[in-house]
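Please look over the structure below before reading on. The paragraphs after it go from single side chains out to the chain as a whole.

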Amino acid sequence: MSPHSTAVAPMPGILLIRVGLAGSALRWDARAACWRWPDPQGGQLYAWTGGEEVPAGVRLLENAGVIACCRSGRMLLGLGKRLGMVELPEPGQPARPLQAQVLATIDAAEARTVISDGCTDRDGYFVFGTANTGADRRPIGSFYQYSTRHGLRRLALPAVVAACSIAFSVDGTRMYFADAAKGAIMQCSYDAERAKTGDVREYAQAAERGAATVDSDDMLWSVQGGSLVQYDAGGQVRRQVVLAREAMAGVAFGGADLTQLLLLGARGGLYRLPPGQAGELAPGVADTPFDDTPGSGVAVSQRMRYDD
């Protein structure tokens, strides 16, 4: 494929497995060598190494829609209006329902907002956004950074109806984000240590906006309904893959060498790219695990609240 190709692949994605009621965030857990994703309707957290016919699942006492792997092996969860942490059972241990330890309550005075998207930045801080679930669909969603060192800090970014497309450049100095309800994919400068953003500007026009990830060539992959679109650093479309089987909710690179690009459907299907597409990809960039190291700053057990 030429460096500036915008060809549309007509073949649907290859279904690997289907499980649960719904899909949302998809992550590769390098420590456990498995894919992980939550079912935000069925209250499950799934793990799949790629070899089982059925993924392993543990029940959550609260539904999660956003996840991040932690340095300790625990999981950071976006639970509606709260951030929480769970200890995962060791292989072979009985799987009991997991109760999350609450780390922070987000915008507690506003009942309409919930955590809608998030990932770790290159420093291991968790960056996430919220969505307005009310019928009014007003832009009252915000973007935040959470770390055990600094606690919860709001990012100076435009208010949105539903935050999505959060991703970071390879060097971590540029952040991508969008409003799922309207507008374009945006970009800004990003300083993790100071939680400072600037130079907010349009990155690329997109008819739909969803989950996003960045590969090692610093190109953004964006889920847009039933399609996956790759953009170069300047925001120009490099390729579009029409998957068509169902709307896609998550996308991630994984595998030992980060050369597998999988997508999670909104109805729980896990897909790989069609033949002719998967072999041409640059590897992904490893997620930096969330730094939950005790003593690195704000205690992990500390309960926090951020009100408008």
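Cys188 is buried in this predicted model, with a relative accessible area of 2%. Cys164 is buried as well, at a relative accessible area of 6%. Is either cysteine part of a disulfide, or in none? Cys164 is in none, and its nearest cysteine sulfur, on Cys119, lies 12 Å away. Cys188 is likewise in no disulfide; here too the nearest cysteine sulfur belongs to Cys119, at 12 Å. A disulfide calls for two cysteine sulfur atoms within 2.5 Å, and a search of the whole structure turns up zero of them.

Burial can also be stated for the whole chain: 56% of its 308 residues are buried. The accessible surface amounts to about 12,800 Å², and carbon and sulfur atoms account for 50% of that area.

Next comes the fold. The chain has 26 strands and zero helices. Its radius of gyration is 18 Å, close to the 19 Å that the globule rule gives for 308 residues, so the chain is as compact as a globular protein of that length. Along the principal axes, the C-alpha atoms fill a box of roughly 50 × 50 × 40 Å. Of the contacts between residues at least 6 apart in sequence, 52% join residues at least 24 apart.

Last, the charges. How many positive and negative side chains does the chain have? There are 30 positive and 32 negative ones, and the centres of the two sets are 4 Å apart.

Note on methods. Residues numbered from 1 in each chain as written. Predicted model: local features only at pLDDT ≥ 70, side-chain atom pairs only at ≥ 80, totals over all residues. Heavy atoms only, no water. Helix = DSSP H or I, 4+ residues; strand = E, 2+ residues; numbered from the N terminus. Rg over C-alpha atoms; globule rule 2.2 N^0.38 Å. Buried < 20%, exposed > 50% of the residue type's maximum accessible area, 1.4 Å probe, protein only. Contact = heavy atoms within 4.5 Å. Areas by Shrake-Rupley, 256 points an atom, 1.4 Å probe, with all protein chains shown as cover. Lys, Arg positive; Asp, Glu negative; His and termini not counted. Charge placed at Lys NZ, Arg CZ, Asp CG, Glu CD.
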